[in-house]
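Take a look at the sequence and the model below. Keep both in view as you read the points that follow.

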Amino acid sequence: MGEDHHAVREDVIESIERSAEVYGLSRSAGRVFGVLYFADEPLSIPELVEETGYAKSTISNVTRQLTRIGMTRRRSSEGGGRRVRFTP
């Protein structure tokens, strides 16, 4: 991914993060949703922790909230763990 592409991706994720508050979600929910939106494949909670810099507990709470309102869905990974996937 080129530097320009990475900068645009980050700008869009930051916009989603700010917009989340308008709709009653936390900024962290907006950032996680944005990261999942741009992900090429489902991401695990540890991958989301690494990508966002948030604590595991924050990621767990946010993914639970996003799943509850239908913005993401959980699916079991082949190894038996949980992976979170963006649902268009």
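The model is predicted. Its largest nonpolar core has 16 residues. Helix 2 (27-38) gives the largest share of that core, 5 residues.

**The nonpolar core**

- In soluble globular proteins, nonpolar side chains tend to be buried together.
- V32, L36, L48 and L66 have the most contacts inside the largest nonpolar core.
- Five elements each supply at least two residues of this core: helix 1, helix 2, helix 3, helix 4 and strand 3 (82-86).
- L36 touches residues well along the chain: leaving aside neighbours within four places in sequence, L36 is in contact with L43, L48, T72, V84 and F86.

**Helix 1**

- Helix 1 covers residues 3-22, which makes 20 residues.
- At 1.5 Å a residue, helix 1 should span 28 Å, and its end C-alpha atoms are 29 Å apart, so the two values agree.
- R9, I13, E17 and A20 are buried in helix 1.
- These four cover an arc of only 80 degrees around the axis, so they sit on the same side of helix 1.
- The buried residues of helix 1 pack against helix 2 (27-38) and helix 3 (45-52).
- D4, V8 and V22 are exposed on the other side of helix 1.
- G24 follows helix 1 and has a positive phi, near 85 degrees.

**Helix 4**

- Helix 4 runs over residues 56-68, with 13 residues in it.
- I59, S60, V62, T63, Q65 and L66 are buried in helix 4.
- One of these, L66, is also among the residues with the most contacts inside the largest nonpolar core.
- Just after helix 4 comes G70, with a positive phi of about 85 degrees.

**The aromatic pair**

- How many aromatic pairs does the structure hold? There is 1.
- The rings of Y37 and F38 have their centres 5.2 Å apart, and their planes stand at 90 degrees, so the pair is edge-to-face.
- The cut-off for edge-to-face is over 60 degrees.
- Are these two residues buried, exposed or partly exposed? Y37 has 45% relative accessibility, so Y37 counts as partly exposed. F38 has a relative accessible area of 27%, so F38 is partly exposed too.

Notes. Residues numbered from 1 in each chain as written. Predicted model: local features only at pLDDT ≥ 70, side-chain atom pairs only at ≥ 80, totals over all residues. Heavy atoms only, no water. Phe/Tyr/Trp six-rings, centres within 6.5 Å; stacked < 30°, edge-to-face > 60°. Buried < 20%, exposed > 50% of the residue type's maximum accessible area, 1.4 Å probe, protein only. Expected span 1.5 Å × (residues − 1). Arc of directions from axis to C-beta. Contact = heavy atoms within 4.5 Å. Core = buried A, V, L, I, M, F, W, Y, C linked by side-chain atoms within 4.5 Å.
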